[in-house]
Amino acid sequence: TLDRRAVARYGLSVGQVQRTLSAALGGATVTQSLEGRARYAVRVRYMREERDTVEALGRVMVDRPGGAPVPLGQLATVEYVRGPQVIRSEDTFLTSYVLFDRAPEVAEVDAVEAARAYLDAQIEAGALEVPTGVSYRFAGRYESQLRSEERLGYLVPIALCLVLVLLYLQFRRALTTFAIYSGVAVAVSGGFALLWLYGQPWFLDLDVAGVSLRALFRVGPTNLSTAVWVGVIALIGIATDDGVVMSTYLDQRLRAASPAAGVAEVRERVIEAGLRRVRPCLMTTATTILALLPILSSHGRGADLMAPMALPAVGGMGVELVTLFVVPVLYAWGEEVRAVRRARGGAASPWQDLAVVFGVAIAPRSTEKENP
């Protein structure tokens, strides 16, 4: 800290003292060294042992025009004060960080919302006073989670619509498309069912060959994080595999032969074609589940992110096997209506066609006026 009276008494200026101090500690460029096309600055400064202590800094000599040099200790007070290790700022405002973590079974968003509610209650009660000009906000993984949830609010419907459009472009029939698309709802429900099971203390609570299945597959409560929703989006894309395999073969078999003459023939053809596609559908589901099991049982780096991503796909593909029955039934329903309409020459109403398929009798409305 410069003593301006002492600096003036010795006929010096503040700039002269600061230039001397800058050269002694930080160094000053005095010339350049040329080595071919390269140029190197030559800097000089005090030896380390003459500037590494408070006492040594007090002995730094400041040149005085027309007089003997003066030690820095006679021109300033030299003391050591620990300052901030780093100065953080955002938008020109000084920033400080308060770090806190969550309990093991609490989601990031829930922990932050609880902390926010507690602080708001303390401010309302007057127990906590926020100084003027000071504000706070929650950042970190909480902000990332909110941004991810906002984007997933658009991505999940887009994925659902794209799958529906691709199925329609493949089969060009609305009933077949929705029959296959029903597998998406079944699979997504299975994915969330497995997430619920992972949170139950009794799920997989057994040992096989001395190995705990709960420890092997990391069974425990799983929060609805971004990784889980990414797994749901992946499940939407693969949930229609069995339905596509089944419907494609049904189309091929029913289109290869002559049109079915009645409901009984349609059902016979559908059952025959469906039985031939049970094994391919089982293999499609088995390969998907077996490929994801190593992810569920992994314990290395990144497993805490990949396991929640694989859970919806494993649970969804396991339950999605219900489409082995749903798709042929809905497909046969549509073909039976067409067969009845062909048999009647297309004159009957769709409701009468459905009545014949389901075996319900609908009496035609009388056109004669009733005699009072």
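This is a predicted model: local features need pLDDT of at least 70, side-chain atom pairs count only at pLDDT 80 or more; totals for chains, interfaces and linings use all residues.
Where is the place of Val 163? In helix α5.

Val 163 is buried, with a relative accessibility of 14%. That value falls under the 20% cut-off, so the residue counts as buried. What does Val 163 touch, leaving aside its neighbours within four places in sequence? Tyr 181, Ile 236, Gly 237 and Thr 240. There is also a C-alpha distance to note. Val 163 and Thr 177 are 14 residues apart along the chain, and their C-alpha atoms are separated by 9.8 Å.

Two of those partners, Ile 236 and Gly 237, take us to helix α8. Helix α5 covers residues 141-171, and helix α8 covers 226-238. Their axes come within 10 Å. The crossing angle is roughly 5 degrees. Angles under 35 degrees count as roughly parallel, and α5 and α8 are therefore roughly parallel to each other.

Now the residues at that contact. On the α5 side we have Gln 145, Ser 148, Leu 152, Leu 155, Val 156, Ala 159, Leu 160 and Val 163. On the α8 side they meet Thr 226, Trp 229, Ile 233, Ile 236 and Gly 237. How many of these are nonpolar, polar and charged? The contact of α5 with α8 has 9 nonpolar residues, 4 polar and no charged.

Stay with α8 for a moment. This helix has 13 residues. At 1.5 Å a residue, α8 should span 18 Å, and its end C-alpha atoms are 19 Å apart, so the two agree. Which residues of α8 are buried? Ala 227, Val 228, Gly 231, Val 232, Leu 235 and Ile 236. Those buried residues pack against α5, α6 and α12. Helix α6 is 174-198, and α12 is 303-319.

Helix α6 brings in Phe 192, which has its place there. Buried or exposed? Phe 192 counts as partly exposed, at 29% relative accessibility. Not counting residues up to four places away in sequence, Phe 192 touches Leu 224, Trp 229 and Val 232. Trp 229 is one of the α8 residues that meet α5. Val 232 is on the list of buried α8 residues. Phe 192 and Gly 315 are 123 residues apart along the chain, yet 7.5 Å apart in space, C-alpha to C-alpha.

Back to α5, and its contact with α4. Helix α4 runs over residues 108-125. The axes of α4 and α5 come within 9 Å and cross at roughly 120 degrees. That makes α4 and α5 oblique to each other. The crossing is left-handed. From α4, the contact uses Glu 108, Val 109, Val 112, Glu 113 and Arg 116. From α5, it uses Arg 141, Tyr 142, Gln 145 and Glu 149. By class, the contact of α4 with α5 has 3 nonpolar, 1 polar and 5 charged residues. Recall that the contact of α5 with α8 has no charged residues.

Next pair: α9 and α13. Helix α9 is residues 241-256, and helix α13 is 323-343. They pack at an angle of about 35 degrees, with axes 9 Å apart. Which hand is the crossing? Right-handed. In α9, the contact residues are Asp 242, Gly 243, Met 246, Ser 247, Leu 250, Asp 251, Leu 254 and Arg 255. In α13, they meet Thr 323, Leu 324, Val 327, Pro 328, Tyr 331 and Glu 335. The classes come to 7 nonpolar, 3 polar and 4 charged.

Now the backbone. Most residues other than glycine have a negative phi. Here are two with a positive one. Arg 172 has a phi of about 60 degrees. Arg 172 is in the loop between α5 and α6. Arg 172 is exposed, with a relative accessible area of 56%. Ala 209 has a phi near 55 degrees. Ala 209 lies in the loop between β7 and β8. Ala 209 counts as exposed too, at 82% relative accessibility.

Last stop, a strand. Arg 43 lies in β2, residues 38-44. Arg 43 touches Gly 26, Gly 27, Ala 28 and Thr 29, not counting residues up to four places away in sequence. Arg 43 and Thr 31 are 12 residues apart in sequence and 7.5 Å apart in space, C-alpha to C-alpha.

Terms used:
Residues are numbered from 1 along each chain as its sequence is written. Side-chain values use heavy atoms; hydrogens and water are left out. Axes are lines fitted to C-alpha atoms, for helices over the stretch in contact, and angles run from 0 to 180 degrees between N-to-C directions. Helices (H or I, at least four residues) and strands (E, at least two) are DSSP runs, numbered from the N terminus. Angles under 35 degrees count as roughly parallel, over 145 as roughly antiparallel, 65 to 115 as roughly perpendicular and the rest as oblique. Contact means heavy atoms within 4.5 Å. Ala, Val, Leu, Ile, Met, Phe, Trp, Tyr, Cys and Pro count as nonpolar, Asp, Glu, Lys and Arg as charged, and the others, Gly among them, as polar. The expected span of a helix is 1.5 Å times one less than its number of residues. Buried means under 20% relative accessible area, exposed over 50%, partly exposed in between (1.4 Å probe, protein chains only). A crossing is left-handed if the near helix is turned anticlockwise from the far one by less than a right angle, and right-handed if clockwise.
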